Amino acid sequence: MADTFEERDFKIPVLCAGNDCARCSHKLKEGLEQVKGVQDARLDGATATLTLAFDPSVVSFDSLERKARELGCALAEQFGHETLTLTGLDCADCAIKLEKAVGRLPGVVWVGANFAGSKLSVEYEADKVELKQVVQIINNLGYGVEEAGPPAADEVFWRRHPKAVTMGLSGLLLLLGFITDRIGLSPPAAHILYAVSILSGGYHVARSGFYSLKMLSFDMNFLVTAAVIGAMLIGEWLDGAMVVFLFAVGTAMEAYSMERTRRVIRGLVALSPREARIRRHDYEETVGIDKIKIGDVMIVKPGEKIAMDGIVGAGASSVDQASVTGESIPVDKVP
């Protein structure tokens with residue numbers, strides 16, 4: 001009977017297999033082994049691989065996949081994992097909305113937006129969804145994806161700051177419309193200037209508001225869009241243009257302050273060491289921080305920066321934590 005069992009390896013999401021959730025991994029293993037027809041389920045957290053031995057005449061892969069999803073995980077031959085750097089992410093609510101929108105895409109098993117770092121991490125089943133679909137959703141919501149590598153030094157201003165350009169254009173047209181209205185020229189001329197001001201300054205807002213409506217998530221973009229449309233319907237063109245311009249100014253100021261904060265964060269990250277001295281099997285070696293495993297012993301000598309979080313196992317020293325906690329003097333550390 002054992003000869004009828006088939007053994008297959010499946011990739012599972014990192015968050016299901018990682019050592020940070022051993023209880024969840026054990027739950028997945030036990031749950032699958034209880035399915036009739038499954039002989040064994042072996043989980044390798046280091047490689048995020050699940051090896052299933054099952055009788056295909058008794059249980060199908062589709063039923064095993066459904067069971068795994070009930071247990072909070074997914075099975076696939078291959079998973080893709082990408083971290084995208086975003087542009088235009090200027091509010092925490094926007095990050096939450098982006099998470100929800102990407103998470104609804106069939107085939108996406110996990111998504112996390114980092115507002116402070118302006119990054120989006122997504123894990124997906126490679127046979128069900130492509131990365132370009134994720135990027136398309138991001139673009140539809142009014143945000144951009146930065147290409148890998150440093151930005152070009154000679155990139156023109158309007159490409160680097162498109163919202164600032166549309167804000168300035170909106171303000172200029174608003175001023176011209178106001179002057180035209182006050183000096184007694186034909187009202188249609190002023191209305192046209194106000195309308196173009198609304199269109200130039202409110203394009204990104206209206207697009208985000210439209211997709212918020214599709215998601216039934218009524219955020220600030222949707223509310224501003226509704227208010228401006230209402231102002232135009234009752235003939236208050238000046239008020240509508242003013243709302244758009246002031247909202248664009250507020251958004252630009254928020255984006256500017258967030259970009260300054262992100263530059264500081266990137267500077268702090270750049271200062272952190274990329275390698276660490278690790279003791280394994282009674283000898284020391286220098287490895288990249290991405291090669292460090294939970295349970296490794298890290299050796300930190302006087303004057304060196306600490307590459308990873310950990311528990312002090314031996315020795316005593318004072319550690320400068322100012323970049324993390326803001327404390328003005330070093331803090332004593334003991335086992």
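Author: Happy to, and bear in mind that this is a predicted model. Let's start with a nonpolar patch on the surface, formed by L175, F178, I179 and I183.

Reader: What makes L175, F178, I179 and I183 a patch?

Author: Patch members need over 30% relative accessible area and no salt bridge, and nonpolar side chains are joined within 5 Å. Take F178, which sits in helix α7, residues 162-182. Its relative accessibility is 35%, and the cut-off is over 30%, so F178 passes on accessibility. Together the four expose about 370 Å² of accessible area.

Reader: Why is F178 called partly exposed?

Author: Exposed means over 50% and buried means under 20%. F178 has 35%, so the label is partly exposed.

Reader: What about charged residues in that part of the sequence? How do you know that R182 and D181 form a salt bridge?

Author: The closest N and O atoms of R182 and D181 are 3.4 Å apart, and the limit is within 4 Å. So the pair counts as a salt bridge. R182 is exposed because its relative accessible area is 54%, against a cut-off of over 50%. D181, at 32%, is partly exposed.

Reader: How many salt bridges turn up in the whole structure?

Author: The search finds 6. Another one of them joins K132 and E130, with the closest N and O atoms 3.5 Å apart. K132 has 59% relative accessibility and therefore counts as exposed, while E130 has 43% and is partly exposed.

Reader: And what makes R280 and D296 a salt bridge?

Author: Their N to O distance is 2.6 Å, and the rule asks for within 4 Å, so the pair qualifies. R280 has a relative accessible area of 19%, and since buried means under 20%, R280 is buried. D296, at 24%, is partly exposed. There is also a network here: salt bridges that share partners join R280, E285 and D296.

Reader: Since β8 and β9 came up, how do you know that β8 and β9 pair?

Author: Pairing needs at least two bridges between the strands. β8 (residues 275-280) and β9 are joined by 6 bridges, so they pair, and they run antiparallel. As one example, I278 stands opposite E285 in β9.

Reader: Why are β9 and β10 called edge strands?

Author: The open sheet has 3 strands in the order β9-β8-β10, with antiparallel pairing. β9 (283-288) and β10 (297-299) each have a single partner strand, so one side of each lacks a neighbour in the sheet. On average, neighbouring strands of this sheet are turned by 45° against each other, ignoring direction.

Reader: What makes the phi values of H281 and D282 worth a look?

Author: Most residues other than glycine have a negative phi. H281 has a phi near 55°, which is positive, and D282 has one near 65°, also positive. H281 is found in the loop between β8 and β9, and D282 lies in that loop too.

Reader: Now the opposite end of the scale. Why is V59 called buried?

Author: Its relative accessible area is 6%, and buried means under 20%, so V59 is buried. V59 lies in the loop between β3 (49-54) and α3 (61-70).

Reader: What is V59 in contact with, leaving aside its neighbours within four places in sequence?

Author: The list is V35, K36, G37, V38, F54 and L64. V35 is 24 residues from V59 in sequence, with 8.2 Å between their C-alpha atoms.

Reader: And how does the protein chain look overall?

Author: The protein chain has 11 helices and 12 strands. Of its 335 residues, 32% count as buried. Among contacts between residues at least 6 apart in sequence, 55% join residues at least 24 apart. The protein chain exposes about 20,600 Å², and carbon and sulfur atoms supply 59% of it.

Methods: Residues numbered from 1 in each chain as written. Predicted model: local features only at pLDDT ≥ 70, side-chain atom pairs only at ≥ 80, totals over all residues. Heavy atoms only, no water. Helix = DSSP H or I, 4+ residues; strand = E, 2+ residues; numbered from the N terminus. Buried < 20%, exposed > 50% of the residue type's maximum accessible area, 1.4 Å probe, protein only. Contact = heavy atoms within 4.5 Å. Areas by Shrake-Rupley, 256 points an atom, 1.4 Å probe, with all protein chains shown as cover. Patch = residues over 30% accessible without salt bridge, like charges linked within 9 Å, V, L, I, M, F, W, Y side chains within 5 Å. Salt bridge = Lys/Arg side-chain N within 4 Å of Asp/Glu carboxyl O. Axes fitted to C-alpha atoms, helices over the stretch in contact; angles between N-to-C directions.
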